[in-house]
Amino acid sequence: MFHLTKRKIIGIVLAIFLFNYLLAVYWSIEPDITDIKTLSQQQASEEGFDPVTGYATVTALIHVSETLLGKPGGYLSNDVMPPSVLMDNMPSWELGALNQVRDLALIMRKDFSRSQAQSTEHAQLKIAQPKFNIDHSSWQFPSAEAEYRDGIEALRAYRTQLADPNDPNAQFYARADNLVVWLGEVQSRLGSMSQRLAAAVGRSRVNTSLAGEQGATQSTFAPSEEVIKTSWWQIDNVFYEARGEAWALIHFFKAIEQDFGGVLEKKNATVAVRQIVRELEATQDTVWSPMILNGTGFGLMANHSLVMANYISRANAAIINLNNLLTRG
């Protein structure tokens, strides 16, 4: 009869723990940034097409979505087994990237692919966009991965039709007003993220919800000042969610520079896009600390959330500047 001594049991438990820890470390490695211009040219060549207007943006959206599913460990947000069920940094990163995928998929469906408000939506984008809106933690009936794969396949079908010179039904309209709509979504998302990051230290915030408009009202009473502070347990989650959003946006803005090149050049705004990318790339610097620190003010200990908030705010300011350039006559 096989007999386990107490020492053997402890050894097995420690070995299982060490294996899961090392696996979690490997699965926490964030994906590298990809050259979207090269990738779109390569994939267009494989399909036998030229990379037409819109091809780079759709390719970036597909690439970011596929990376969520194909990186080390795969998609972790809905895992129910160790070690991923015990991990929170990478699932938060995934949620950040997914938020940007959802926003771009929506704008692509209702703006980029339509010539005007009365035009019909593209059939494949009508399929793709809702697929990315499933709960990111859903693990069965249906699973998030299955829905996202269906969305990716629909995007691929749209991209193929887009590049086919014999199929005029799929279009991508690289106009300034379309780009402004997407920038508005990004601006709103980054503004919220900046506030959440800054709340790591807790600050009294003046209620400015009705500022700037005479006679404006709101549904219920709100105090003139409130203290906003992110829970200590959520500080690292918010940090990595911001890194995920910034990682996805780097790819999207590089694609936008390709597809909206004529519009940006006419507005002398190409350099503004490159500045946005540069600010976002700063958010991807290596985190050397084994944990996200939450120092206060000008104290001895760093505050990683405030550093990230600075980069996000600078990127958001550059987006506001780009928006102004595009809307200026």
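Predicted model: local features only at pLDDT ≥ 70, side-chain atom pairs only at ≥ 80, totals over all residues.
Q: At what angle do H4 and H7 cross?
A: Roughly 155°, with the axes of H4 (residues 89–112) and H7 (residues 176–198) coming within 10 Å. Axes are lines fitted to C-alpha atoms, for helices over the stretch in contact, and angles run from 0 to 180 degrees between N-to-C directions. Helices are DSSP runs of H or I, at least four residues, numbered from the N terminus.

Q: Parallel or antiparallel?
A: H4 is roughly antiparallel to H7, a term for angles over 145 degrees.

Q: Left-handed or right-handed crossing?
A: H4 passes H7 in a right-handed crossing. That means the near helix is turned clockwise from the far one by less than a right angle.

Q: Which residues make the contact?
A: On H4, they include Asn99, Leu104, Ile107 and Phe112. On H7, Leu179, Trp182 and Arg189 are among them. Contact means heavy atoms within 4.5 Å.

Q: Switching topic. How many salt bridges?
A: The count comes to 14. The rule is a side-chain nitrogen of Lys or Arg within 4 Å of a carboxyl oxygen of Asp or Glu.

Q: What does Glu66 pair with?
A: Arg156, at 2.4 Å, N to O. Glu66 lies in H3 (residues 55–70) and Arg156 in H6 (residues 144–163), so the pair ties together parts 90 residues apart in sequence.

Q: Is Glu66 buried, exposed or in between; what is the value?
A: Glu66 is partly exposed, with a relative accessible area of 30%. Arg156 is partly exposed too, at 25%. Buried means under 20%, exposed over 50%, partly exposed in between (1.4 Å probe, protein chains only).

Q: And what does Lys131 meet?
A: Glu147, in a salt bridge of 3.6 Å, N to O. Lys131 is in H5 (residues 123–131) and Glu147 in H6, 16 residues apart. Glu147 is buried, with a relative accessible area of 16%.

Q: Which residues are in the network there?
A: Lys131, Glu147 and Asp150 are linked by salt bridges.

Q: What about Glu257?
A: The side chains of Glu257 and Arg274 meet at 2.7 Å, N to O. Glu257 is buried, at 18%.

Terms used
Residues numbered from 1 in each chain as written. Heavy atoms only, no water. Helix = DSSP H or I, 4+ residues; strand = E, 2+ residues; numbered from the N terminus. Parallel < 35°, antiparallel > 145°, perpendicular 65-115°, else oblique.
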